[in-house]
Amino acid sequence: MERIRALLKAHVERAYAPYSGFPVAALVEAEGEVFLGVNVENAAYPLSQCAERNAVAAMVLAGKRRIARVHIYSPKGPISPCGGCRQVLMEFGGPGVEVVLHGPEGYETWTLGDLLPRAFGPEDL
Ligand code: THU
């Protein structure tokens, strides 16, 4: 866990968050590998992309699709993923995905099923 926390703290510096001033880093553990993402904002605000979704995109590009655990880091203290990111994470791991919310001083662990109960998913189609 200390290695993951060090990766998150190092990479959050690369977030592009000039509008919100709220940098976020995410790390997805999937099929024995890790994938990082940071939030990338845009002058056209709705085009901003969350850290979690950028980490998921890196994972998919690498050919992995099964998330075991996701870590989210904010220098301002632990934050919970937004609703849209919960849905995207659910797509690639289901309710058993561990969601670790990190701040500078520590972390707390949830499951995706706790954060997004009774989710809509591929099995509903
Ligand atoms: N943000 C994330 O990247 N992940 C989250 O879980 C919550 C919010 C970003 C979006 C935006 O760039 C900034 O944080 C403020 O909302």
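I looked up A51 first: one of its backbone N or O atoms lies 2.9 Å from an oxygen atom of the ligand. I count a polar contact as a pair of N or O atoms within 3.5 Å. The model is predicted, so I note that local features need pLDDT of at least 70, side-chain atom pairs count only at pLDDT 80 or more, and totals for chains, interfaces and linings use all residues. Residues are numbered from 1 along each chain as its sequence is written, and side-chain values use heavy atoms, with hydrogens and water left out.

Next, the side chains. An N or O atom of the N39 side chain is 3.0 Å from a ligand oxygen. For the E52 side chain I read 2.5 Å, again to an oxygen atom of the ligand. The ligand taken alone exposes 370 Å², and the protein buries 78% of that (Shrake-Rupley method, 1.4 Å probe).

I then listed the shell, taking residues with a heavy atom within 4 Å. Among them are S20, F22, E41, I79 and P81. The shell divides into seven nonpolar, three polar and two charged residues; Cys and Pro count as nonpolar, Gly as polar.

Last, the site. The ligand sits in the largest pocket, with more than half of its atoms within 2 Å of the grid points. A pocket here is an open set of points on a 1 Å grid where a 1.4 Å probe fits, with protein on both sides within 12 Å along at least five of seven lines; lining residues have an atom within 4 Å of a point. I read about 190 Å³ of space, the volume filled by probe spheres set on the points. Of 15 lining residues, V24, N39, Q49, C50 and A51 lie nearest the centre.

Definitions and conventions
A polar contact is a pair of N or O atoms within 3.5 Å; within protein, one must be able to donate a hydrogen and the other to accept it, and residues adjacent in sequence count only if both atoms are side-chain atoms.
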